[in-house]
Amino acid sequence: MKKILFFLLACIAFGSCKNETKNNPSLSVSESTVIANSHAKGFSITHYDNYKVLTINNPWPNSTQNYTYALVSKEMAPKITLNKEEFDGIVTIPIEKVVVTSTTHIPSLELLNVEETLVGFPGTNYISSEKTRARISNGEVRELGKNEGINTEVLLDTKPELVVGFGIDGNNKTFETIKKAGIPVIYNGDWIEESPLAKAEWIKFFGVLYDKENEANTVFNTIEKDYLEAKKIASEVKTQPSVLSGAMHKDVWYLPNGTSPEAQLLKDANVNYLWSETTGSGSLALSFESVFEKAKTADLWLSPSYYSSLEALEKANSHYTKFDAFKNKKVYSFAKTTGDTGGVIYYELGTTRPDLVLKDLIKICHPEFLQDYTPHFFKVLE
């Protein structure tokens with residue numbers, strides 16, 4: 001799923017019909033404080049006197065629906081009464097048992113030191129983190145099947161207080177079943193944010209659920225600082241290598257459009273991405289001929305789908321060998337960097353740590369810089 005999303009995907013909308021006052025004076029704006037995000041548009045956090053409200057804005061592409069959740073501390077839960085009709089869920093925090101559904105959620109749990117709360121995951125083999133893999137091996141994290149068809153019987157047996165989901169649309173019968181069982185489901189939309197730092201800022205989403213907002217802010221501020229420092233280093237380069245990205249899927253070559261987070265990383269690495277001027281949502285879908293005409297002499301070829309060797313690329317399509325980057329062995333991929341059970345580390349950690357992704361790109365594209373840095377995700381194909 002993550003592999004497909006990488007190619008096919010590409011303010012803060014405050015409030016919704018459910019967090020308007022609706023005869024509930026406790027929701028008066030004068031008694032609230034909105035916590036502003038620096039980059040992320042997909043969620044907002046509002047502090048009230050006795051509770052907090054987490055609003056999820058447009059959690060999948062073209063969504064027009066917002067969701068609001070009241071977050072109440074364990075100390076305050078017995079003391080206040082909230083109108084359940086005002087919210088899509090009422091959650092007691094900090095969370096003690098959680099199910100998450102995307103590998104991109106795992107790093108946030110670990111960076112906040114709450115990974116021990118994870119009790120289930122669909123497709124545990126995709127998880128790469130050594131720390132969480134150890135918990136899986138010890139039976140502390142249950143296998144829940146596939147994301148498209150979560151084993152609800154096993155999930156309910158783990159008794160989570162919350163399920164953090166993601167979806168490409170709002171039609172998920174499994175999540176509806178979970179909600180009917182009294183377990184809140186909150187959609188995490190980190191993957192549809194428009195910039196790398198916006199995606200990374202979703203650690204604050206987990207921060208408020210675990211009553212660790214200060215810790216989440218500290219982690220994010222460090223990531224942002226490191227990212228901007230790397231970007232500044234890249235701005236000093238004298239030459240820009242030309243870059244091709246993506247690969248063929250059947251008869252179509254998918255690659256990032258110029259306004260995507262992937263293209264933003266290439267821009268911040270100060271390279272000449274050959275499709276940087278394109279716009280739109282989702283990935284570009286081009287013919288081999290149009291890509292070859294433009295990128296035949298490209299200096300570098302980055303992220304050629306899931307292929308992990310030049311031989312695999314050639315077997316998939318002999319025409320790949322005609323590119324100069326292939327001939328010169330200047331093809332780099334994150335597909336070779338995996339966990340013990342084959343999960344691609346980039347798909348897990350790259351969203352939360354764009355600073356590492358950017359440093360990887362700078363090291364590859366401008367090897368004269370960051371001389372003491374070893375790429376975390378990308379390796380040259382051999």
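Analyst: Start with helix α3, residues 130-137, in this predicted model. T132, R133, R135 and I136 are buried there.

User: What makes the buried residues of α10 line one face?

Analyst: Helix α10 spans residues 288-295, and its buried residues are F288, V291 and A295. Viewed down the axis, they fall within an arc of 70°, so they line one face of the helix. In general, an α-helix has 3.6 residues a turn, so residues three or four places apart point the same way.

User: What do the buried residues of α10 pack against, and which residues are exposed on the other side?

Analyst: They pack against four strands: β13 (242-245), β14 (247-249), β15 (252-255) and β17 (284-286). On the other side of α10, E289 and E293 are exposed.

User: Now to pairs of helices. Why are α8 and α14 called roughly parallel?

Analyst: Two packed helices are described by the angle between their axes and the distance between the axes. For α8 (residues 213-234) and α14 (residues 354-365), the axes cross at roughly 20° and come within 8 Å. Angles under 35 degrees count as roughly parallel. The two helices are therefore roughly parallel to each other. Their crossing is left-handed.

User: Which residues make that contact between α8 and α14?

Analyst: From α8 come I223, D226, Y227, A230, K231 and A234. From α14 come P354, D355, L358, K359 and I362. By class, this contact has 7 nonpolar residues, 4 charged and no polar ones.

User: Which residues make the contact between α9 and α14, and how do they divide by class?

Analyst: L265, L266 and D268 of α9 meet P354, V357, L358 and L361 of α14. They divide into 6 nonpolar, 1 charged and no polar residues.

User: On to a loop. Where is N270, and is N270 buried or exposed?

Analyst: N270 is found in the loop between α9 (261-268) and β16 (272-273). The relative accessible area of N270 is 15%. Buried means under 20%, so N270 counts as buried.

User: What does N270 touch?

Analyst: Leaving out residues up to four places away in sequence, N270 touches A234, S235, V237, Q240 and H366.

User: What is the phi of N270?

Analyst: Phi of N270 is near 60°, a positive value in a residue other than glycine. Most residues other than glycine have a negative phi.

User: Which other residue has a positive phi?

Analyst: D211 has a phi near 55°, again in a residue other than glycine. D211 lies in the loop between α7 (203-209) and α8.

User: Why is D211 called partly exposed?

Analyst: D211 has 43% relative accessibility. Buried is under 20% and exposed is over 50%, with partly exposed in between. D211 therefore counts as partly exposed.

User: How far is D211 from I192, and what does D211 touch?

Analyst: C-alpha to C-alpha, D211 and I192 are 25 Å apart in space, and 19 residues apart in sequence. D211 touches K52 and P94, with residues up to four places away in sequence not counted.

User: What makes the peptide bond from I93 to P94 cis?

Analyst: Omega of that bond is near 0°, and the bond is cis. Most peptide bonds are trans. P94 lies in the loop between β5 (89-93) and β6 (98-100).

Note on methods
Residues numbered from 1 in each chain as written. Predicted model: local features only at pLDDT ≥ 70, side-chain atom pairs only at ≥ 80, totals over all residues. Heavy atoms only, no water. Axes fitted to C-alpha atoms, helices over the stretch in contact; angles between N-to-C directions. Parallel < 35°, antiparallel > 145°, perpendicular 65-115°, else oblique. Left-handed = near helix turned anticlockwise from the far one by under 90°. Contact = heavy atoms within 4.5 Å. Nonpolar A, V, L, I, M, F, W, Y, C, P; charged D, E, K, R; others polar. Buried < 20%, exposed > 50% of the residue type's maximum accessible area, 1.4 Å probe, protein only. Arc of directions from axis to C-beta.
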